[in-house]
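Hi,

Here is the structure I promised to pass on. Have a look first, and then read my notes below.

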Amino acid sequence: MYDEELEKAMLYYLIFEQEDYLLDESDFVGERNKKIIKAINELKAEKQEISMFAVKAKIKANGKQVLDYITSLSEYIRTSNVESVYTQLMELSKKRKLLALMQEKIMDISDCENVDILAQEIVKEVNDIEKINEKEKSFLEQVVETMEQIEKNTLERTDYSLYTGIQDLDQKTCGLHKQELTIIGARPGVGKTTLALQIAEHIAEKGIETAIISLEMSDTQIIQKMIAKRTKINSYKMRMGTMEQADIDAMAIAGTEISELPIHLITKARTLQHIENIARKLKNRSNLGLLVIDYIQLIKNKGKFGNREQEVADITRTLKLLSLELDIPIIGLCQLSRNATRQEPTLADLRESGAIEQDADNVLFLYQEKEEEGTFVDITLKIAKQRAGEIGKIYLKFNKNNSEFRGVIR
């Protein structure tokens with residue numbers, strides 16, 4: 001898995017033809033070639049001109065021998081163009097890296113505690129190898145791609161697959177968006193889990209593969225909420241076992257409907273690393289389209305951090321990067337500080353980390369403007385941050401018994 005002529009031809013194009021490709025020492029096998037590409041990258045970092053004399057000055061060796069070697073590179077130019085040389089060189093480089101990865105992981109297999117997690121780690125590293133050294137797009141290419149995406153959005157403006165089902169919210173946000181992290185924050189009992197489940201179910205009904213990871217509630221509690229919303233049966237009657245035959249029949253129908261939805265309900269994940277592996281596995285196997293996590297402050301992080309704020313900051317940053325990597329929207333629920341009980345919540349009320357507001361593309365708050373008792377409660381949904389749109393307020397009615405939000409006219 002080594003072609004000396006390819007390596008020399010690639011170096012010729014970089015030095016004499018001023019071609020710009022992302023390469024490093026790991027992409028070469030020949031020791032002299034490794035030294036040359038290292039020198040080229042150092043010159044790039046220093047924004048200096050790439051020339052045979054500049055490369056020679058960077059290499060601590062016999063200057064004449066270096067110049068003679070660089071001069072000889074032109075002898076290895078083939079009839080194929082630079083793109084072909086680069087592609088072939090990268091194929092060999094990736095093969096070597098894949099082989100090294102597999103040899104390393106063979107040692108881990110016998111000692112691993114969770115084979116599923118190890119398998120997903122391997123998948124991620126294989127994907128990383130596949131993506132490395134991609135040539136940077138020119139600004140022109142980026143502009144063209146952006147314009148094409150805008151045109152595509154215009155042509156597909158009737159695609160409501162990621163709309164939340166809350167009409168007033170969708171009018172302000174145009175639904176959820178791929179590669180975005182949305183935070184829903186509230187104090188306990190205001191309905192953040194109910195709202196997230198309602199959105200997830202609405203999107204799953206359109207055939208979008210949806211994952212719900214709950215660190216707070218059991219699968220029974222979550223499914224009970226979903227059934228209560230569909231059947232309008234008081235969830236208290238379900239818990240107490242006082243349903244009538246008509247309720248049982250309605251529940252059976254709702255259970256059948258829910259079971260057919262493309263929802264993956266996970267209640268055993270506890271660490272950030274486990275959540276990442278689950279999401280990648282579902283993306284590879286089922287083309288995951290939405291991930292909901294309830295809730296962020298309950299996630300444990302195996303990394304070493306000085307305090308909890310740093311740990312939560314790493315969690316939210318990782319979730320944002322995960323949404324970019326998997327090309328999906330992620331909804332993360334968040335507990336607010338006690339201060340939010342006494343006044344309208346602000347971004348400063350996001351508990352344990354100011355990084356949450358920085359990493360999130362959208363931040364939604366649920367709160368009561370005035371204390372109310374009873375089954376139906378007025379809830380204000382505040383869009384406190386929307387990276388690509390306006391902020392504002394939406395007014396909802398929360399039916400606690402049936403675990404459902406509805407819009408209201410004001």
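Two strands count as paired here if DSSP finds at least two bridges between them. Keep in mind that this is a predicted model. By that rule, β7 (residues 376-386) and β8 (residues 392-399) are an antiparallel pair, joined over eight bridges. One of the contacts there is Lys382, whose bridge partner in β8 is Lys393.

Both strands belong to an open sheet of nine, with mixed pairing and the order β3-β2-β4-β5-β1-β6-β7-β8-β9. At its edges are β3 (263-266) and β9 (404-407); each has a single partner strand, so one side of each has no neighbour in the sheet. On average, neighbouring strands are turned by 25 degrees against each other, direction ignored.

Now the helices on the sheet. α9 lies across β1 through to β9, and runs at about 170 degrees to β5 (330-335). α14 (residues 308-326) lies across β1, β4 and β5, at about 140 degrees to β1.

Met226, Ile227, Arg230 and Thr231 of α10 meet Ala250, Met251, Ala254, Glu257 and Ile258 of α12. By class, that contact has six nonpolar, one polar and two charged residues.

Cheers

How values were computed: Residues are numbered from 1 along each chain as its sequence is written. This is a predicted model: local features need pLDDT of at least 70, side-chain atom pairs count only at pLDDT 80 or more; totals for chains, interfaces and linings use all residues. Side-chain values use heavy atoms; hydrogens and water are left out. Contact means heavy atoms within 4.5 Å. Helices (H or I, at least four residues) and strands (E, at least two) are DSSP runs, numbered from the N terminus. Ala, Val, Leu, Ile, Met, Phe, Trp, Tyr, Cys and Pro count as nonpolar, Asp, Glu, Lys and Arg as charged, and the others, Gly among them, as polar. Axes are lines fitted to C-alpha atoms, for helices over the stretch in contact, and angles run from 0 to 180 degrees between N-to-C directions.
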